[in-house]
Amino acid sequence: MHHILVVDDEKNYCVVLSQLLREAGYQVSTAENAFAALEFLEHRGVSLILSDLKMPRMDGLELFQAVRRDYGDIPFIIMTAFATVETALKAIKGGVFDYLLKPFNNEDAILTIEKALTHHSIQVENQALRSQLEKSYGKEIIGQSPPVQRLSAEIAQVAKAPSPILITGETGVGKELVARTLHRSSSRSGDPWVAINCAALTETLLESEIFGHERGAFTGAIERKKGLVEIANNGTLFLDEIGELSPTLQPKLLRLLQEKHFRRVGGTVELSSNIRVVAATNRDLTDMVATGEFRQDLYYRLKVVELKVPPLRERPADIPLLAHHFLHQLAIELGRNVTDISSEAMDCMKSYSWPGNIRELRNAIERGILFSTTDALLTTSLPEEISHLEENRHSEVSCGISSFSKDFSLPQYLEQVEEQFIRRALIEAKGIQARAASILGVSRSNLQYKLKKLGIE
């Protein structure tokens with residue numbers, strides 16, 4: 001329960017306000033002047049101070065300054081008569097939250113107090129988040145949720161080993177960040193880190209980039225070129241989107257992993273490289289092995305250790321921390337004075353399922369900063385799919401029953417509601433059934449059964 005201290009040398013105001021605030025659910029204490037208020041604060045803490053401006057010996061503004069100096073940022077509201085409004089406005093510029101004009105409307109008074117308490121609560125939360133960010137500054141992975149703590153512990157256990165690592169997870173979860181953390185935490189951190197996206201190049205160019213080529217190996221190969229395997233000697237080679245590696249290159253990578261030997265394209269000389277291979281994919285390699293798209297022996301060689309990066313929807317507690325991290329970083333990059341996130345905007349972000357994960361969150365914050373017209377990022381600045389989430393949910397799934405009709409059927413009604421949830425999950429998962437099942441908290445086989453039952457293709 002919030003505790004409010006009322007300070008006024010007019011006893012009638014103290015009595016009236018005490019009754020009003022207690023009826024509104026607050027705990028109330030009173031002080032007949034500023035000195036009594038300061039003496040009270042020596043022994044008790046309060047959530048908010050409501051003080052008259054004009055008081056003998058020490059006025060409300062002087063009391064505010066003393067409170068700010070000795071007791072920190074306690075929300076402070078000034079009560080004033082019309083003749084001293086100008087002074088009250090100056091007080092607001094000095095840090096007072098707001099003022100009430102005597103005689104005031106009871107509803108306006110309660111509303112002003114609620115706003116002050118809410119504003120202070122957001123400030124405290126933001127300060128806590130900033131403190132957490134400062135503690136995590138310089139670390140690779142931001143987050144304190146159990147899934148992230150578990151991932152960090154696994155990274156610490158395997159970082160110094162030379163074994164291959166397979167990093168799995170949905171698009172945008174930060175697989176490359178995990179790979180970089182592995183390298184920087186390993187005994188190879190002083191040696192090269194090189195990375196390549198296996199989906200970004202044609203098969204011929206990718207082979208040349210990884211293994212290098214000899215002069216004349218193919219049209220345009222006018223001189224010998226070292227590949228990333230040689231450049232990364234004693235360091236780490238990161239192969240992103242490993243599931244896109246062609247069947248021709250898969251056995252060559254397997255030989256490198258098993259024997260540390262390779263040949264440049266067009267070469268006959270056996271070369272060696274002491275590298276650690278870290279690979280990442282957002283595809284299900286077990287399915288690819290079953291369909292013959294990916295070699296089973298290569299899969300098991302890569303999967304000596306598998307690190308699964310959790311999607312953002314499984315770590316919602318980290319959303320505020322990540323959001324403020326991106327806000328601070330991007331506001332500086334974009335040259336915008338956006339320093340906070342409103343509680344409504346944060347609630348929307350916490351409720352969203354983030355199919356694009358951390359990358360989507362970063363993009364949403366960047367858009368929010370660009371469209372912000374205040375120093376706080378508001379709901380209206382967020383992408384529509386996030387800002388309208390609560391509205392959509394209420395419009396899509398609502399009871400809508402004012403009375404029960406004669407032909408009402410609970411199983412039929414629940415089936416309709418279930419179908420709406422499933423269709424929404426499939427939209428957010430962009431049609432990927434495994435992801436939709438995860439959003440709904442059911443198994444993939446269970447979802448497939450429901451899709452067949454409901455006739456959803």
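Contact here means heavy atoms within 4.5 Å. With that in hand, welcome to a short tour of this predicted model, in which local features need pLDDT of at least 70, side-chain atom pairs count only at pLDDT 80 or more, and totals for chains, interfaces and linings use all residues. Residues are numbered from 1 along each chain as its sequence is written, and side-chain values use heavy atoms, with hydrogens and water left out. Helices (H or I, at least four residues) and strands (E, at least two) are DSSP runs, numbered from the N terminus.

**Nonpolar cores**

- L237, leaving aside its neighbours within four places in sequence, is in contact with V194, L228, V229, A232, I275, R276, V277 and V278.
- A nonpolar core is a set of buried Ala, Val, Leu, Ile, Met, Phe, Trp, Tyr and Cys residues joined through side-chain atoms within 4.5 Å; buried means under 20% relative accessible area, exposed over 50%, and partly exposed in between (1.4 Å probe, protein chains only).
- The largest such core has 30 residues, and V229, L237, L239, I242, L253, F294 and L302 touch the most other members.
- Elements that each supply at least two residues of this core include β7, β10 (236-240) and α12 (296-302), while α10 gives the largest share, four residues.
- A second, separate core of 26 residues includes I142, I369, L382 and I386.

**The five-stranded sheet**

- Five strands form an open, parallel sheet in the order β7-β10-β13-β6-β14, where two strands pair if DSSP finds at least two bridges between them.
- Because β7 (193-197) and β14 (305-308) stand at the edges with a single partner strand each, one side of each has no neighbour in the sheet.
- From one strand to the next, the twist averages 20°; axes are lines fitted to C-alpha atoms, for helices over the stretch in contact, and angles run from 0 to 180 degrees between N-to-C directions.
- Four bridges join β6 (residues 165-168) to β14, with I165 opposite V305.
- Helix α6 (residues 146-158) lies across β6, β13 (276-281) and β14, running at about 155° to β14.

- Parallel strands β1 (residues 3-7) and β2 (residues 27-31) are joined by five bridges, and H3 stands opposite Q27.

- Counting a disulfide as a pair of cysteine sulfur atoms within 2.5 Å, the total is zero.
- C14 counts as buried because its relative accessibility is 9%, and C348 does so at 8%.
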